[in-house]
Amino acid sequence: MPISPAPLTQLPVRRLGSEDLLACADLSENRGWPREEHKWGLLLTAGTGHGMDDPHGPGLAAGSVVTSYGPGLAAIGMVLVAERYARQGLGRRLMQHVLAEAGDTPLTLYATPNGQPLYEQLGFTEISRSTMVRGHFTFTAPAPEAAVRPATAEDLPAVLRLDHEVFGLDRTHIIARLPAFADHLRVAEENGEIIGFAAAWPNMDTHVIGPLIARDPATAQALIASLAAATDRPLRTDIDVRHTSLLGWAKENGIDAVATNAVMVRSLPDLPGDWRRRFAPLTVAAG
Ligand SMILES: CC(C)(COP(=O)(O)OP(=O)(O)OC[C@H]1O[C@@H](n2cnc3c(N)ncnc32)[C@H](O)[C@@H]1OP(=O)(O)O)[C@@H](O)C(=O)NCCC(=O)NCCS
């Protein structure tokens with residue numbers, strides 16, 4: 001007697017690693033997302049991937065990545081179900097597995113309108129929204145004068161200190177990867193003190209700006225303008241909707257809204273750290 005395949009909702013979930021990078025990129029492409037291999041590469045090495053193999057052929061039926069920031073927080077990203085398995089319970093099954101693995105650890109994610117209903121059912125609540133902006137930087141609206149320069153290895157301890165203070169948790173395992181992952185890493189300085197930093201990393205035909213940490217919107221503008229001068233590519237970044245002045249300035253410079261995502265948390269009233277100085281995440285996929 002032929003053995004009938006297990007129901008889709010009982011498909012085993014397995015860990016994904018760097019060897020799954022191309023299958024992950026295929027999954028993105030299948031869902032109409034860009035392949036983003038450079039980003040997947042970082043997430044699969046700095047974080048933990050979870051996925052389900054396609055029972056009917058090569059490749060993945062579903063995948064996601066969790067980036068851990070210790071017991072205080074983990075970020076979920078790249079939650080994807082192959083189009084051919086849409087709306088058959090795989091997304092829910094994968095998320096339930098990730099939640100069980102996370103245990104008591106508070107969680108955060110950026111939800112697309114597609115994913116938000118599922119996350120709400122699983123106990124996530126919206127605490128803010130984030131605007132994805134994109135465009136060729138026009139240098140129309142000037143940035144304030146500020147001392148911005150490329151970061152050096154000697155800056156790393158000060159960058160890590162500032163990041164810890166603003167992000168609210170230690171993310172050395174992510175920040176220490178930036179010099180290799182990003183094409184440009186800049187710091188803003190005042191009286192010998194680092195008051196902000198930002199990276200620009202390659203993603204498909206764009207440079208993504210993130211993380212972007214700065215003392216105030218003026219410093220954030222100076223960092224963006226400095227990174228914009230270093231590339232001919234369109235820029236992309238994700239800015240919390242509460243940063244209205246930065247969003248307005250970006251729009252004047254040709255970097256305009258293309259989508260809005262919900263910032264959600266679970267088992268946590270709000271994100272740690274200081275949102276006023278946190279202007280953009282490394283990627284919405286890592287919180
Ligand atoms: C979001 C996504 C992962 C959901 O996966 P899925 O396997 O299709 O979802 P499930 O079948 O497990 O559905 C779970 C619940 O989510 C909600 N849901 C799923 N797809 C939905 C849609 N297109 N519109 C509205 N609600 C939807 C429903 O409430 C559904 O429960 P129900 O079918 O009992 O009503 C999938 O649609 C996807 O990969 N989308 C593209 C990528 C994306 O946006 N990912 C989210 C990133 S944050």
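The centres of domain 1 and domain 2, taken over C-alpha atoms, are separated by 27 Å in this predicted model. The domain assignment of the protein chain gives 8-105 as domain 1 and 133-263 + 270-286 as domain 2, with bounds from an automatic or database assignment. Domain 1 puts 17 residues into the contact and domain 2 puts in 15 (contact: C-beta atoms, placed from the backbone, within 7 Å). On the side of domain 1 that touches domain 2, two or more residues come from each of α2 (37-46), β3 (60-68) and β4, and α2 gives the most, with five. Helices (H or I, at least four residues) and strands (E, at least two) are DSSP runs, numbered from the N terminus. Residues are numbered from 1 along each chain as its sequence is written. Local features need pLDDT of at least 70 and side-chain atom pairs pLDDT 80 or more, whereas totals for chains, interfaces and linings use all residues.

The largest nonpolar core holds 87 residues, of which Ala62, Leu109, Ile209, Leu212 and Leu223 touch the most other members. Such a core is a set of buried Ala, Val, Leu, Ile, Met, Phe, Trp, Tyr and Cys residues joined through C-beta atoms within 7 Å; buried means that 20 or more other C-beta atoms lie within 10 Å of the residue's own, all placed from the backbone. β4 provides the largest share of this core, seven residues. Because domain 1 and domain 2 both give residues to the core, it lies between them. Beyond its neighbours within four places in sequence, Ile209 is in contact with Ala198, Ala200, Ile224, Leu227, Leu235, Thr237 and Ala280.

How values were computed
A residue is buried if 20 or more other C-beta atoms lie within 10 Å of its own, exposed if 12 or fewer, and partly exposed in between; C-beta atoms are placed from the backbone. Two residues are in contact if their C-beta atoms, placed from the backbone, lie within 7 Å.
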